[in-house]
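We will go from stop to stop, and at each one you will hear what to pick and what to look for.

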Amino acid sequence: MTAVHGGVLGGAYLAGSSPVHRLEPHLKLVAVLGFALVVVATPVHAPWAWAAYGGYLALVLLAAAVAGVRPARLARGLAIEVPFVLFAVLLPFVAQGPRVQVAGLALSESGLVAAGGLLAKATLSVLAAVVLSASTEPRALVTGLERLRLPSLLVQILTFMIRYADVVGGELHRMRVARESRGFVGRNLSALRVLGPAAGSLFVRSYERGERVHLAMLSRGYTGRIPGAPAAAVPVQAWLTALALPLGAAAVLASGLLLG
Amino acid sequence: MHVPDGFLDAPTSAATAAVAAGGVALALRGARRELDERTAPLAGLTAAFVFAVQMVNFPVGAGTSGHLMGGLLAAVLVGPWTAVLCLTVVLGVQALLFADGGLTALGTNVTLLGLVAVAVGWGVFRLLARLLPTTRGGVLTAAGVGAFLSVPVAALVFVGLFAVGGVADVPVGTVAAAMGGVHVLIGLGEAAITVAVVGAVLAVRPDLVHGARALRRATLLAERPASVPAGAR
């Protein structure tokens, strides 16, 4: 873990003033969720599935271009998928059903289709989520979730987690610097005798910090709710801009279903 | 490793989302009993701790390293309901900020890594804690076994979901064997890390370990004065 500028959680955010950045966060959350739903709803076995994936890809890349998210950033976001690429590569070998010969290997036809579909869908959703996190600050995401009526207690826990993730992460980082400057190298299970107590004392510090934060809040009149400004009404124009992504994807899906 | 979008079909994803929503609603009520009005700051800080500790790579031997899932660890430290909330928040942040786990699969991930892992781990932990002697060793053994079992059971529930709503036509037995085998190993790592961390907290602040309250009574440790002065409440 390195101390990223803007913190562990803020590292995903790219400052900017594009139309995507300016959209209300809850609209963006609805848009990305809607897009993911359409992508997931696309039937894998349809002959036009790959044309639809192409259409979705064009839409999400357009959104990325408008938001000013560079291809390198998108590619880095995709690294999270690697374990599933491995799983998908195995699917054609273990799946049942009729076999096809590909480069001398007998691969399952349905496994190939399923693996392709899995990879395409996961990639498209990850790209959409990368555009969301690159154009929305973590705090704005919490505001968006609040406007989408996430239970207040959950919103508060989320707020505290995002607020203190960097503090706790920073303590962890300093512990690591201290350990390694004393010559610690974790190679095998015996390293647990050092790392276990380090994580344990990190918990004790986090918990005690939580108690102090709570007392500080009580002394400022905390009664179990965090007051917020009344939410401003969202113009229709903003809804239309935000929903362009999922509605465009739905149009691609609908034309596939009707014409295919 | 979190379930991405498109891995399970829509009805299965919707069903697990409903289960997750119900479980989290229960946990929101249960956590108030565990932490009273301190729920938000303490659960938030514990979630930050779980998030941070998931970034520590613990060496598990043979040159490989793993990181903690932390379900049972959080349950033993702060109580099962609060643990469910912490893991839910951590999974949500990972899905929203790092695209780790799909948004439409968030319900599945919360069900597996939050509800199933915590419920199984905590159930085993409580059962063993009752059977074993009320000592430090007893609590640590119960925590280790609970942490160990929580991982393969969550993996097998995933295989069950995959059999019901998976998009690939894969022999369920093969997947169950492979996933189970891999996750038995991961579970051993989870158990080792959980025992090491719980043991360390028990050594310095036994009063903070929710799952060891019986131990505190049995050994008649002197109560540390509450950090909240009586008048401040």
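Start by selecting chain B, which has eight helices and two strands; helices (H or I, at least four residues) and strands (E, at least two) are DSSP runs, numbered from the N terminus. Followed along the sequence, chain B reads α-α-β-β-α-α-α-α-α-α. This is a predicted model, in which local features need pLDDT of at least 70, side-chain atom pairs count only at pLDDT 80 or more, and totals for chains, interfaces and linings use all residues. Residues are numbered from 1 along each chain as its sequence is written, chains are lettered from A and ligands numbered from 1 in the order in which they are written, and side-chain values use heavy atoms, with hydrogens and water left out.

Stay with chain B and colour it by accessibility. Of its 233 residues, 59% count as buried (buried means under 20% relative accessible area, exposed over 50%, partly exposed in between, with a 1.4 Å probe and protein chains only). Contact means heavy atoms within 4.5 Å; among contacts in chain B between residues at least 6 apart in sequence, 74% join residues at least 24 apart.

Next, highlight some annotated spans. The unreviewed UniProt entry places the feature "transmembrane region" at residues 40–60, 72–97, 103–125, 137–164 and 184–204 of chain B; UniProt positions are given in the numbering used here, feature names are shortened, and annotations may be inferred rather than shown by experiment. Select residues 72–97 of chain B: the span is 96% helix and 0% strand, with its end C-alpha atoms 24 Å apart. Residues 103–125 of chain B are 87% helix and 0% strand, and there the end C-alpha atoms are 31 Å apart.

Now move to chain A. Here UniProt (unreviewed entry) gives "transmembrane region" for residues 50–69, 78–95 and 115–136. Residues 50–69 of chain A are 90% helix and 0% strand, and their end C-alpha atoms lie 24 Å apart.

Which residues have the most contacts inside the largest nonpolar core? Select F35(A), Y56(A) and F203(A), in a core of 123 residues. A nonpolar core is a set of buried Ala, Val, Leu, Ile, Met, Phe, Trp, Tyr and Cys residues joined through side-chain atoms within 4.5 Å. Helix 9 (residues 152–181) of chain A supplies the largest share of this core, 13 residues. Another core lies apart from it, with 21 residues, among them L91(A), A105(B), L112(B) and F162(B).

Zoom in on Y56(A). Leaving aside neighbours within four places in sequence, Y56(A) touches residues including F35(A), T42(A), L124(A) and L253(A).

Then show helix 8 (residues 138–147) of chain A, whose buried residues are P138(A), L141(A), V142(A), G144(A) and L145(A). They cover an arc of only 160° around the axis, which puts them on the same side of helix 8 of chain A; the arc is that of the directions from the helix axis to the C-beta atoms. After helix 8 of chain A comes R149(A), with a positive phi near 65°.

For a last pair of stops, pick E109(A), in helix 7 (residues 109–135) of chain A. At 39% relative accessibility, E109(A) counts as partly exposed. Finish at R163(A), whose charged end sits over the ring of Y164(A), 4.7 Å from its centre; a charge sits over a ring if NZ of Lys or CZ of Arg is within 6 Å of the ring centre and within 35 degrees of the ring normal.
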